[in-house]
Amino acid sequence: MTDQAVDTSGPARPAGGGEAPGGAPSGFFGRERESKALREDIERAGLDTLAGRKSGRARVLLIAGRPGSGRSALAARFARELTGVAAGAGGGLGPLPWAVPGTGTGDHPDGVLRVSLAAPGGERVPGERTAREILGLLGIATPPGADEDELSEMVREALAVRRAVLLLDDAVDAEQVGPLLPDNPGCLVLATSTGPLTGIPDVRPCTLGGLDAAAGVALLAAAVGQVRITVDPVAAETLVEECGGQPAALVLAAGWLRAHPSASVDDLTTQLRRTAGDDQVRPPVRAFRLVHDTLPQTAARILRLLALAPSGLADAHTASALAGCSVSAARRTLQDFAGYGLLRSNGAVEPQYEVPGFLVPALRELLAECDRPAETELARARMLERNVRLLQSCRAVTEPEDAPSRRRLAGLPRSLRFPGPQEAEAWLLSRLPALLASARTSVQDGGLDTLARRLVSALVRALAAHLGTEAAAADLYGLHGLVLDVAERRELPRERAAALLNLADLDAGTGRTRVALERYRAALDAGREAKDPYATGRAMESVGGAYAELEDYHRAADWYSRALALRLTQGDRAGEARLYGRLGAVHTYAGRYGEALRNWRASAAGHRRLGDPAAQARALSEAARVQEYAGRPHESLATCREAVDLARRAEDVRLQAALQLRLADTLDRVGDPAAAALHRATADRLLDEKGSTCEIRSAIQEN
């Protein structure tokens with residue numbers, strides 16, 4: 001059996017075939033009439049033009065057809081033709097989304113952006129997730145927590161200055177497509193759907209039926225060899241007719257013929273007729289049933305369990321965990337499935353396979369028929385546990401050699417270990433869509449909440465370790481939302497408080513301060529319910545920070561005082577010093593200089609007890625600022641000199657330079673320009689030695 005990956009969403013790539021010169025896909029058959037109709041649709045006058053107006057929006061083309069009719073393959077091929085890109089570019093057989101850069105010439109030099117609007121099985125993808133995928137393909141960072149309207153507006157703005165083809169695959173309805181249409185006639189939107197997109201004006205669907213007999217026979221000949229087709233051309237045409245000319249059914253039929261070299265085309269046609277059963281069963285599903293029924297029992301079970309693969313994405317570890325077999329056996333089985341045309345591979349060294357969307361409902365139906373619910377649930381649990389262990393290994397490899405997690409890593413099987421951080425990060429990025437989908441599915445299912453929480457936790461830690469919290473903020477926001485869903489469903493106040501705090505921090509970081517404030521107060525209630533002093537204190541402090549950001553300094557000081565009282569009862573000296581500084585900052589902004597000075601002095605004393613001279617110097621520097629605001633410049637000079645001595649003791653050159661500049665400014669105000677010049681010269685010398693600029697920020701800015 002060959003392990004050639006075949007795109008079962010459309011006509012097959014011939015076994016062993018490459019790309020034809022000039023960029024024409026050698027594995028594409030027929031559809032000349034449909035391609036011509038699409039080109040004519042681009043050139044024909046639209047309603048706006050007929051009315052004498054120049055169109056201000058992107059033109060929308062629609063390819064309508066049943067799943068398995070080859071609509072996605074035709075759309076991808078046509079989009080590449082429009083941009084002048086060879087069919088093999090961009091990894092088009094890999095999982096969605098993907099982007100193909102343009103050639104820089106033609107009507108659409110910015111290439112193709114392809115996303116799917118439906119999950120495998122037909123469920124619609126939320127608009128917020130689709131917009132994030134498009135922006136990710138464009139290399140545009142998205143703010144965590146942004147809603148669908150905001151992200152759709154970002155998509156339209158990004159495409160307004162580009163001339164690209166936006167390929168929206170598997171659209172469920174017009175409501176998914178409309179918000180993404182850019183006000184730019186230089187862009188083209190190419191959508192695929194089962195039926196018309198009612199609600200979008202000036203869209204005439206190009207409807208796909210089956211391939212004609214000649215194209216279907218050519219597909220079979222390219223996939224199984226010309227000899228087997230030539231010996232009985234009538235049987236080949238009959239097989240095409242039995243498959244309804246559907247590319248997906250023909251690809252599966254060709255895969256069965258490759259796996260059974262002694263069988264004739266007529267034998268296959270006869271078996272397909274026997275499996276016809278209900279006349280309502282579509283040809284691709286009938287061909288799939290035939291392939292499934294002729295597989296060995298173990299392989300057939302693995303195939304059915306792929307219905308549980310998140311977003312239809314599976315690799316050797318996923319199949320191994322689902323079936324309870326070795327990774328090497330699962331890898332060989334997936335390669336065999338790709339040879340049948342049951343899966344698509346992205347062609348990587350350790351490939352990730354995609355289950356074609358039209359197969360997912362059939363797989364789910366077979367799984368319900370042939371496997372007991374308890375066995376299915378156990379398989380799902382094994383898959384989640386495998387993902388958790390891989391993510392733990394992925395994070396542990398970034399730890400120092402003597403870290404406990406690194407030592408535990410050595411006890412894992414070789415297949416679960418990564419050679420180094422780079423390999424672990426590459427695995428994480430390539431598997432991230434499947435991991436995120438697994439987290440969403442496990443939380444929505446609700447039957448394995450403990451494993452779901454562990455999976456989300458491990459994924460959050462791995463993302464933070466490899467990408468950093470800022471770069472992964474958008475994904476982290478969604479994951480914290482999943483934790484909140486589980487915590488509310490299971491009535492877990494401690495987890496609810498942690499999730500609310502994390503979400504609020506991300507909201508605050510993107511300027512949604514009032515939303516963050518509401519979540520901080522909800523986290524405070526959850527922390528009190530859980531009797532968790534850490535969460536309670538953290539929420540109080542964060543509420544104070546939100547009020548400070550809103551410039552409500554009276555409430556900020558009140559909440560900081562409550563948090564400080566809690567820290568004092570806990571004996572948290574670091575927290576006490578920090579909160580004294582925050583109180584000093586808000587009192588400074590409010591003009592209450594006496595209280596501000598007392599709190600900055602208390603903060604400095606706290607840092608002194610902690611043995612942190614640099615932090616003590618910063619607190620004294622702020623105290624000197626307050627003294628200057630209060631009209632006591634000479635006291636400010638003395639305090640600032642004390643801070644300089646502490647910074648020198650801490651060997652913090654940048655802090656020393658900043659304090660020297662502050663001394664110089666104060667000396668200018670008291671009328672001693674000569675001394676001020678000396679301090680500025682000292683600061684310049686320190687900065688030249690350090691090769692960097694610096695500043696002293698207030699406690700609110702620092703935190």
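## Close-up views of the predicted model

**S2 and S3 run antiparallel and are joined by three bridges.** Within this pair, Trp-98 lies opposite Arg-114 of S3. Helices here are DSSP runs of H or I with at least four residues, strands are runs of E with at least two, and both are numbered from the N terminus. Two strands count as paired if DSSP finds at least two bridges between them. The model is predicted: local features need pLDDT of at least 70, side-chain atom pairs count only at pLDDT 80 or more, and totals for chains, interfaces and linings use all residues. Residues are numbered from 1 along each chain as its sequence is written, and side-chain values use heavy atoms, with hydrogens and water left out.

**Six strands form an open sheet with mixed pairing, in the order S2-S3-S4-S5-S1-S6.** Strand S2 (98–100) and strand S6 (205–207) are at the edges with a single partner strand each, so one side of each has no neighbour in the sheet. From one strand to the next the twist averages 20°. Helix H3 (residues 71–83) packs on the sheet and touches strand S1 (59–64), S2, S3, S4 and S5. The direction of H3 makes about 175° with that of S4. Helix H4 (residues 127–137) lies across S2, S3 and S4, and runs at about 155° to S3. Axes are lines fitted to C-alpha atoms, for helices over the stretch in contact (heavy atoms within 4.5 Å). Angles run from 0 to 180 degrees between N-to-C directions.

**Strand S4 (residues 165–171) is largely enclosed by the rest of the structure, because six of its seven residues are buried.** Buried means under 20% relative accessible area, with a 1.4 Å probe and protein chains only. Strand S3 (residues 112–116) pairs with S4 in the parallel sense over five bridges, and Val-112 stands opposite Val-165 in S4. S4 also runs parallel to strand S5 (residues 188–193), again joined by five bridges. Leu-190 in S5 is the bridge partner of Leu-167.

**Helix H20 (residues 449–466) has end C-alpha atoms 26 Å apart.** This agrees with the 26 Å that its 18 residues should span at 1.5 Å a residue, the expected span being 1.5 Å times one less than the number of residues. Buried residues of H20 include Leu-451, Leu-455, Leu-459 and Leu-463, and among the others are Asp-449 and His-466. An α-helix has 3.6 residues a turn, so residues three or four places apart point the same way. The cover over the buried residues of H20 includes helix H17 (373–396), helix H19 (421–445) and helix H21 (473–490). Just after H20, Gly-468 takes a positive phi of about 90°.

**Three strands make an open sheet with antiparallel pairing, in the order S7-S9-S8.** Strand S7 (313–314) and strand S8 (344–345) stand at the edges; each has a single partner strand, so one side of each is left without a neighbour in the sheet. S8 is joined to strand S9 (residues 353–354) by two bridges, and the two run antiparallel. Arg-344 faces Glu-354 of S9 across this pair.

**The protein as a whole contains 32 helices and nine strands.** Of its 703 residues, 52% count as buried. Among contacts between residues at least 6 apart in sequence, 63% join residues at least 24 apart.

Methods:
Buried means under 20% relative accessible area, exposed over 50%, partly exposed in between (1.4 Å probe, protein chains only).
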